[in-house]
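I opened my notebook for a first look around this model. Here is what I looked up, entry by entry.

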Amino acid sequence: MATRQDIRIACVMVGLPARGKTYISTKIRRYLTWLGIKTQVFNVGGYRQRLAGLNKPHTFFDANNSDAMNQRKEAAEAAMKDMIQWFEKEKGTVAIYDATNGTRERRAWLRQELAAHDIEVLFIESLCDDEKVILANIRDVKLSSPDYEGINPDDAAKDFMERIEHYKEFYETLTEDDYTYIKLIDVGKQYVINKVHGYLESKIVYYLMNLHVRPKRIWFSRHGESQFNLEDKIGGDADLSPRGQMYADALPELIEKHLGDRPLTVWTSSMKRTIQTARHLQYPKKHWKALDELNTGVCDGMTYQEIEEQYPEDFARRDEDKFNYRYRGGESYRDLVLRLEPVIMELERHENILIIAHQATIRCMYAYFMNLEHDELPYARIPLHTVIELVPRAYGCEEKFYKVNIEAVDTYRPKVPPR
Ligand SMILES: O=c1[nH]cnc2c1c(-c1ccc(Br)cc1)cn2-c1ccccc1
Ligand SMILES: O=P(O)(O)OC[C@H]1O[C@](O)(CO)[C@@H](O)[C@@H]1O
């Protein structure tokens, strides 16, 4: 029985062009990587572009074009080879094979090759006939692809629609009921789940069932400056300082200015300083213990200077590997990521939302949306008296920082160079 660390899964995407396969691939990769699961996307389109060149007209995708078909098969084989090498050399856990994979023959070849290397296969098919979503996809991601550089957008969209027609001729939807698969129908209107088993496959399926593409904005703000911030003390459950209360007073106007009268949900931690910061906000509120600040164990209520004096070796070790360092009787940033996973899952389900939390907990959530590496996560700049706005775009997030003109201490500690 393979234990979890030996499990290797290939998520094989299935779907016509412009059905969000790369969107889904990049989201799964970002989510699993954030959780600490080694994940990589293998995009066959990219291999085709490197092998056969860019700006291919739709005739290149005509299945009767035997020369082009050979080049496309060559690209699929090269991507498969790299994927298997990655599992073996990089000790990967989840690979995502991002291509149309629209025929039974292609899927059988993939499944056979992967089974021969003891790699489980989860097919993920996206079925979507909603013209609006498809056109949004083409506009958002296709027209900016290297294939259409310098081409008039209307001609490009028309050419892409003809490319899709060529694929439709030979497309066979997933009906292999002995395969493990999930069908995503019309962006989450319906799911068909077949023979999904195991912890990791179920986690991936559950994540996909929480995604949507409705427009949304996510705001993050730390609590206003607290008494402990003024004394350079960490942890605790202190009240706001006078300047922190002024920030709480100013927050509603800033939010209304950017949100208008659209609905908003406000989440705070269970600590006084975030609840006090949200006091004047007239929106539904939810207090999450999971949003509470990093637990600093025996160092709670101490200043960094006192920690350096009392626990010099811990203090030095923390900066050597800040993501994995766990306070005595407390938490590490890695522990925080796992504690925050249910919050991230709920965030994916929501639309407009304001989260009032803490320096370390916001760093972890910000890193999920902005695809930060684990070693840069604990050094993300999340200043006091600043609202961070994230707008999810096709494959990433647009960010804006709104600084409120009320002074506050700077709690940022840069990485100390190793002595
Ligand atoms: O089903 C689609 N059809 C066309 N497009 C699509 C999708 C999805 C999608 C599909 C399933 C799930 Br669970 C979540 C999103 C995302 N997108 C997308 C739209 C715009 C830009 C980039 C990607
Ligand atoms: O990981 P860092 O940089 O010490 O930041 C986390 C610290 O930030 C604070 O929220 C404010 O200093 C502390 O309560 C917490 O321990």
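**Entry one, the rings.** I began with an aromatic cluster, and found that Trp34, Phe220, Tyr368 and Phe369 form one. For pairs, I counted rings of Phe, Tyr and Trp (its six-membered ring) with centres within 6.5 Å, calling planes under 30 degrees apart stacked, over 60 edge-to-face and the rest tilted.

**A note on the ground rules.** I am reading a predicted model, in which local features need pLDDT of at least 70 and side-chain atom pairs count only at pLDDT 80 or more, while totals for chains, interfaces and linings use all residues. Residues are numbered from 1 along each chain as its sequence is written, chains are lettered from A and ligands numbered from 1 in the order in which they are written, and side-chain values use heavy atoms, with hydrogens and water left out.

My search of the whole structure turned up 12 aromatic pairs. Tyr31 and Tyr207 make a stacked pair, because their ring centres are 4.0 Å apart and their planes are at 5 degrees. I noted that this pair links distant parts of the chain, with Tyr31 in helix α1 and Tyr207 in helix α7 (residues 199-208), 176 residues apart. I took helices (H or I, at least four residues) and strands (E, at least two) from DSSP runs, numbered from the N terminus. Both tyrosines, Tyr31 and Tyr207, are buried, meaning under 20% relative accessible area with a 1.4 Å probe and protein chains only.

Phe220 and Phe369 form a tilted pair, 6.2 Å centre to centre with 50 degrees between the planes. Phe220 is in strand β7 (residues 218-222) and Phe369 in helix α14 (residues 359-370), 149 residues apart. Are they buried or exposed? Phe220 is buried at a relative accessible area of 0%, and Phe369 counts as buried at 5%.

I then turned to ligand 1 and the 13 residues around it, where Ala18, Arg19, Ser126, Asn137 and Val187 come nearest; a residue is near if one of its heavy atoms lies within 4 Å. What lies 3.0 Å from a nitrogen atom of ligand 1? I found a polar side-chain atom of Asn137 there. Taken alone, ligand 1 exposes 500 Å², and the protein buries 97% of that; these areas come from the Shrake-Rupley method with a 1.4 Å probe. Helix α5 gives the most to the shell, with three residues.

Terms used
A polar contact is a pair of N or O atoms within 3.5 Å; within protein, one must be able to donate a hydrogen and the other to accept it, and residues adjacent in sequence count only if both atoms are side-chain atoms. Buried means under 20% relative accessible area, exposed over 50%, partly exposed in between (1.4 Å probe, protein chains only).
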